[in-house]
Amino acid sequence: MSSGFDSFSLALFTSLAPAGVVAFIVLACARLGTRNHDAAVRIDRMIALPFSVALVGFIASATHLGTPANALHVFSGIGRSPLSNEVLSAVAFLFLVGSYWMTAFKQRFPDAVAKPWLALSCVAGVVLITATSTAYSVHTVPTWDTPYSPANLVLSALLAGPILGMLFLEIARARIFRLEIGLLAAACLALIVGTVVLAMHDASLSLVANNEIAATSLAPRYPAAIAAHLVLGIAGVAAAGLSLRRGQAARLTLILRTAASVLALAAVLVTRIVFYNLHMTVGF
């Protein structure tokens with residue numbers, strides 16, 4: 001990494017894009033399961049929201065390339081480079097979801113076309129999360145090349161993504177109570193397991209060093225970041241849980257879910273920034 005901004009831009013990508021993918025899958029599942037035409041139309045319109053979240057993350061990640069021309073070098077490694085595979089999967093996901101959203105504005109958009117398109121987009125989203133989670137399995141960077149790296153990213157997506165999905169369902173006026181209970185449970189479980197995995201990753205750093213530096217010196221505030229992750233995550237899950245109360249004003253539900261989404265994304269971002277600060281090669 002050549003600058004702090006590079007680290008921050010990549011942290012934004014790996015916080016926003018996986019969360020946006022999961023939120024999209026939430027909306028897609030709601031769309032696939034609904035029999036109400038008006039609700040289906042509203043959900044189709046709201047697909048722009050998770051698409052935008054993932055797109056902002058992708059644009060942020062592009063800033064560390066230096067110049068747009070460097071993107072050509074990224075695509076030249078497709079099939080052999082984890083980074084190239086990650087970029088290709090991101091482009092494929094964004095293309096499928098973006099084109100679906102634009103096509104859905106047709107007055108008559110048949111389910112026979114919409115449902116397979118949504119299913120394919122969900123598969124592309126899963127591929128994107130998988131590619132992103134394994135992009136840092138680089139043997140020359142021992143602080144990243146651990147089982148904790150992909151686990152952390154997937155669990156972060158399962159923390160922020162379901163909460164974002166709950167917000168987008170509220171905006172689309174397409175709430176499904178059982179689905180939302182499941183989303184809240186998934187986010188809560190991801191927070192608990194994710195915090196444990198983060199702590200295990202931090203503990204493993206004491207065994208990593210090269211000929212110049214110990215890994216623990218790269219991120220001395222990792223335990224504080226993990227604590228912040230837990231506190232912010234609990235606050236986010238709690239706000240999302242309060243939004244499930246029946247009979248409350250729609251405006252309050254929207255406020256609670258917006259706050260929950262911000263808190264969940266902040267919980268993810270704080271640890272992603274530390275992850276990139278841990279960049280350390282094996283030395284010489």
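1. The structure holds zero of them, a disulfide being a pair of cysteine sulfur atoms within 2.5 Å. Take Cys 29: the closest cysteine sulfur, in Cys 122, is 5.7 Å from its own, so the two are too far apart for a bond.

2. Keep the source in mind. This is a predicted model, where local features need pLDDT of at least 70, side-chain atom pairs count only at pLDDT 80 or more, and totals for chains, interfaces and linings use all residues. Residues are numbered from 1 along each chain as its sequence is written, and side-chain values use heavy atoms, with hydrogens and water left out.

3. Now confidence. The protein chain has a mean pLDDT (the predictor's confidence in each residue, from 0 to 100) of 89, and 90% of its residues reach 70 or more. Over residues 1-5 the pLDDT is below 50. Beyond near neighbours in sequence, that stretch has six contacts (heavy atoms within 4.5 Å) in the model.

4. Cys 29 is partly exposed at 44% relative accessible area, and Cys 188 is partly exposed at 33%. Buried means under 20%, exposed over 50%, and partly exposed in between, with a 1.4 Å probe and protein chains only.

5. Which helix holds Ile 171? Ile 171 lies in helix α7, residues 148-171; helices are DSSP runs of H or I, at least four residues, numbered from the N terminus. Ile 171 is partly exposed, at 36% relative accessibility. Leaving aside neighbours within four places in sequence, Ile 171 contacts Met 46, Leu 49 and Leu 254.

Conventions: Helices (H or I, at least four residues) and strands (E, at least two) are DSSP runs, numbered from the N terminus.
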